[in-house]
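The following note sets out points for a colleague's review of the model shown here. The points run from the whole chain to single residues.

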Amino acid sequence: MKLMKQVISDLVKEIGWVILYGFLTAMVIMAFVLISLSYTHVAAQNEAIGRFVKNDIAMLRLKSTNYSIAPKDAPVPYDPAQVETLDEYYADVFSKDGNAGTFVEMAGRCGYQRVMLILGVYADLTPFSGPQSEPVTFVVSPDKKDAQGDTITLGGTEYPVQVAPAHMEIYHPLNYMDGESGMLEDTLYVFSHDLYAVKELFPGTEYWELRGDPYFGRLILKAPREQDLVRVRNVISKNVGGYVSVETMADVLRNSQEGGERTHQTYMLFYVTASLVLLGAMILNIYNTLKRKIPDYATHHLFGASGCFLFARMFLFTLLYHAIPLGGTMYIMQLNELATPGNIAVVILVVLCILFAVTGAAYRHFCVQFAQGLRRE
């Protein structure tokens with residue numbers, strides 16, 4: 001009881017700084033939480049970009065034209081009689097020997113919120129590393145592991161089901177989804193190198209024209225050669241009349257605008273640096289506050305207060321000094337739906353460790369000062 005009275009008395013003497021420091025520190029701690037979440041997202045996206053760069057992936061995009069055949073500026077001769085249909089082209093390039101891939105999102109299928117068709121080489125560009133020996137491999141998001149069981153039945157056939165990793169993600173410069181953010185919950189992933197097997201299971205993926213073609217929207221080519229580009233341009237030109245542009249990952253990164261990956265990383269570096277500076281200022285402030293109170297602690301020590309009692313007094317003072325920051329942080333986390341047990345535990349643990357370390361440093365300084373004072377006496 002005596003200890004708490006002395007701690008409260010210490011706080012009352014510093015009440016102005018306690019309130020000001022409390023609100024400022026609450027914002028700093030919340031910045032740490034948001035930065036950690038954003039950094040996790042950026043790091044995962046960078047990992048996905050790295051896989052695309054490593055595999056020399058090129059993205060294809062459709063350019064509208066008024067031609068029903070290849071435009072005059074097409075880079076190669078064009079012979080419509082020798083060009084495949086879309087069916088023939090997709091079936092070949094999505095096969096195990098092909099070098100194309102895509103993903104298609106279908107909503108409300110098979111009892112899931114979404115079904116993600118991952119075709120061709122796209123299967124090598126996700127964190128899922130399980131076996132894919134069958135024509136069609138079914139994988140469920142971790143949140144549906146217990147509800148689904150080990151198999152799924154489609155078209156009267158039972159298929160084994162695997163579980164996606166918690167950090168599952170699907171990347172494309174135009175669309176990035178990751179599992180940790182909740183964007184891929186309640187999801188069934190279908191990996192396949194057999195387009196016809198997929199179309200038998202999901203006949204709704206039939207296309208009627210290129211702009212409604214579910215496969216071209218995220219079409220990519222792995223290490224495309226000139227003949228691969230000639231082929232896809234001729235197929236698109238014959239069947240729809242559009243023109244295909246090609247953009248490598250190097251082009252994507254080079255052309256990133258303000259909201260792009262490179263700028264995002266630069267912002268992150270700035271935020272982390274600024275937060276470290278604020279953290280340093282926060283630690284220095286509480287340390288200096290304890291140093292200012294050394295004369296009071298020395299007086300109580302001379303009149304019989306033990307070292308353990310003084311250390312407890314100093315630690316409780318710093319802890320209650322941060323009551324406003326901790327309370328404000330919890331409130332802000334709750335408003336932003338971040339008040340999970342894990343996040344709360346991490347915040348409290350980090351704050352306690354920092355405060356304990358600062359108190360320890362201040363107590364050592366007090367012991368040195370007190371010993372020097374006794375020697376002078």
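1. Of the 377 residues of the protein, 44% count as buried. The coordinates belong to a predicted model, and the values below should be read accordingly. The accessible surface amounts to about 19800 Å², and carbon and sulfur atoms hold 59% of that surface.

2. As to secondary structure, the protein contains twelve helices and eleven strands. Among contacts with a separation of 6 or more, 75% are between residues 24 or more positions apart.

3. Helix α3 covers residues 86–93, and its buried residues are Leu86, Tyr89, Tyr90, Ala91 and Val93. The packing partners of these buried residues are β2 (100–109), α5 (195–201), β10 (220–222) and α6 (226–239).

4. The loop between α3 and β2 holds Asn99. Is this residue, Asn99, buried or exposed? Asn99 counts as buried because its relative accessibility is 18%, and the cut-off for buried is under 20%. Leaving out residues up to four places away in sequence, Asn99 touches Val93, Val121, Ile220, Leu221, Lys222, Ala223, Pro224 and Asp228. Val93 in this list is also one of the buried residues of helix α3.

5. Arg51 is classed as buried because its relative accessibility is 15%. With residues up to four places away in sequence set aside, the contacts of Arg51 are Asp124, Leu125, Thr126, Pro127 and Glu169.

6. Aromatic pairs number 16 in the structure. One of them joins Phe138 and Tyr159 in a tilted arrangement, with 5.0 Å from centre to centre and 50° between the planes. This pair links distant parts of the chain, since Phe138 belongs to strand β4 (residues 136–140) and Tyr159 to strand β6 (residues 157–163), 21 residues apart. Phe138 has a relative accessible area of 1% and is therefore buried.

7. Ring pairs also connect Tyr297, Phe311, Phe315, Phe356, Tyr363 and Phe366 into a cluster. Separately, the ring of Phe317 has the charged end of Lys293 over it, at 5.6 Å from the ring centre.

8. On the surface, a nonpolar patch is formed by Met4, Ile8, Val12 and Leu320, whose accessible area together is about 320 Å². Which element gives the most to this nonpolar patch? Helix α1 (residues 2–13) does, with three residues. Ile8, one of the patch residues, is located in helix α1.

9. Asn343 is placed in helix α12, which spans residues 341–376. With a relative accessible area of 23%, Asn343 is partly exposed. Asn343 and Met333 are ten residues apart in sequence, and their C-alpha atoms are 8.8 Å apart in space. Once neighbours within four places in sequence are left aside, Asn343 is in contact with Met333 and Leu338.

Methods. Residues are numbered from 1 along each chain as its sequence is written. This is a predicted model: local features need pLDDT of at least 70, side-chain atom pairs count only at pLDDT 80 or more; totals for chains, interfaces and linings use all residues. Side-chain values use heavy atoms; hydrogens and water are left out. Buried means under 20% relative accessible area, exposed over 50%, partly exposed in between (1.4 Å probe, protein chains only). Contact means heavy atoms within 4.5 Å. Rings of Phe, Tyr and Trp (its six-membered ring) pair if their centres lie within 6.5 Å; planes under 30 degrees apart count as stacked, over 60 as edge-to-face and the rest as tilted. Helices (H or I, at least four residues) and strands (E, at least two) are DSSP runs, numbered from the N terminus. A charge sits over a ring if NZ of Lys or CZ of Arg is within 6 Å of the ring centre and within 35 degrees of the ring normal. Patches are made of residues with over 30% relative accessible area and no salt bridge: like charges are joined within 9 Å, nonpolar side chains (Val, Leu, Ile, Met, Phe, Trp, Tyr) within 5 Å. Accessible areas come from the Shrake-Rupley method with a 1.4 Å probe; for residues, only the protein chains shown count as cover. A salt bridge is a side-chain nitrogen of Lys or Arg within 4 Å of a carboxyl oxygen of Asp or Glu.
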